[in-house]
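Please open the model in your viewer and keep the selection panel at hand, since this tour moves from ring to ring.

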Amino acid sequence: MTPLPPEELGFEPRPGELCLGLARAGVGRTAFLVQLGIDALLRGDTVFHLAKPMSDEELYGWYDALLQRRGISTPREEIFARLRPFTRPENEDLDIHWMEAWLGSVADRHRSLLLVDGFDWEGWTVVRAAELGGLRTLAQRHQAPVWMTARTFRPWQPNEPWPSPVTDFEPLCRHAVALVPRQDRVLLRVIKRDGLNLAHPDDLDLKPEDVGLVRPEATPRALPRRAYTLLSGGAAGAEETFGACAETWGLTEVHFSFPGRRVYRRRGVVELSDEDLQQGLVGQAYVESQLGRRFPRREGFEELLGTIWHQVATAGEVFVVGVLLPDGTVSGGTGWAAELAKHFMKTIHVFDQSQEKWMRWEDREWVVVAPPRIRKARFTGTGTRYLNAAGKAAVERLFTDTFGPPDTPTADRPQLDSQ
């Protein structure tokens, strides 16, 4: 049995309902949310997890650590495929418009759960209330309940007002629990259910290993290689090389395609349905207007654009091998992946085969940078069919610089820098 099924809590939130987990520092707010996320993932739901100020690597580390602690043997790639970590610029407040754009870009047909850790409850009450109201409306529109956490500074007692800093926001929460430490145990105290504060709260008596309490400093910063997923298209050239490197280094591969299309990487091929392709389908004329050039009219071209959308939409960062043109776009159809990455505000690196240099998009221009490393657990690797020796060497070095030589055990390689 999983530690935190809805029936144990006594309620199962409906889409748009706001649920809150209260705890003092070090009791396990993040672990609590991750456990809820794991339960939802194992049910087949999609989990959108915003964890400020953690990086994607740290968040995946929490999930990996607690999955191991619970002894769950389901392949990580199956579980992580439905986990959607939020990536956003650091030190920014919750931006509902930004979240709307992100949720819309990764629309999913499955049931969803939205987890928000690190929300700033301080400040002007009316501003925070407006943000929470917008969050509930957003969740309702995307058919997802919301779980949030808040750090409190004193224990909550029955029949008392909610503690600071959430005192003024109690009416907005449909359900709430408090994590209360008791020596070597944790009480999971249901303090509000179905909009009603409970005069006699229900307590679930949990061992720390049940709730999965681990401190952030104990969370692995360097993920096992299998937790990294290459998102690509399996075409000849750069994508074929990215895929071969992913297999050599033991990463997960996902190559988006559609029926009738030839692929050169069979490992991890996902054939998208017409409905899947519609999510990222745009007209050829629109792409040509964005890139400032024309492409030959051929069957399957617009479907190919749809697969590129899937490659980029859920990636944390994008790597492209090709040629940069004077107008700042990348040559060939690969240019659409680069433009999408700009639109989604992804970190994007391009290896320019003509200059044999890595470039990064910064402040609306390309700048020359040192050879990069992979810093996100889900990343896109794509590029030209006409891969030259320098481009192939750049891709292979990207994997070597990140993970060490192929035969280096994961535990022995340097930890990644957070970003």
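How many aromatic pairs does the count come to by the ring-centre rule? The count comes to 12 aromatic pairs, where rings of Phe, Tyr and Trp (its six-membered ring) pair if their centres lie within 6.5 Å, with planes under 30 degrees apart called stacked, over 60 edge-to-face and the rest tilted. This is a predicted model, in which local features need pLDDT of at least 70 and side-chain atom pairs count only at pLDDT 80 or more, while totals for chains, interfaces and linings use all residues. Residues are numbered from 1 along each chain as its sequence is written, and side-chain values use heavy atoms, without hydrogens and water.

Select Phe319 and Phe379, an edge-to-face pair with 6.2 Å centre to centre and 80 degrees between the planes. Phe319 lies in strand β12 (residues 317-322) and Phe379 in strand β16 (residues 378-383), so the pair ties together parts that are 60 residues apart in sequence; strands here are DSSP runs of E, at least two residues, and helices runs of H or I, at least four, numbered from the N terminus.

Next, select Phe399 and Phe403, a tilted pair with 6.3 Å between centres and 35 degrees between planes. These two residues, four apart in helix α13 (residues 389-403), are separated by about one helical turn.

Then move to Trp358 in strand β14 (residues 357-362), which counts as buried at 5% relative accessibility, buried meaning under 20% relative accessible area, exposed over 50% and partly exposed in between (1.4 Å probe, protein chains only). Ring pairs link Trp358 into a cluster whose members include Phe319, Phe379, Phe399 and Phe403.
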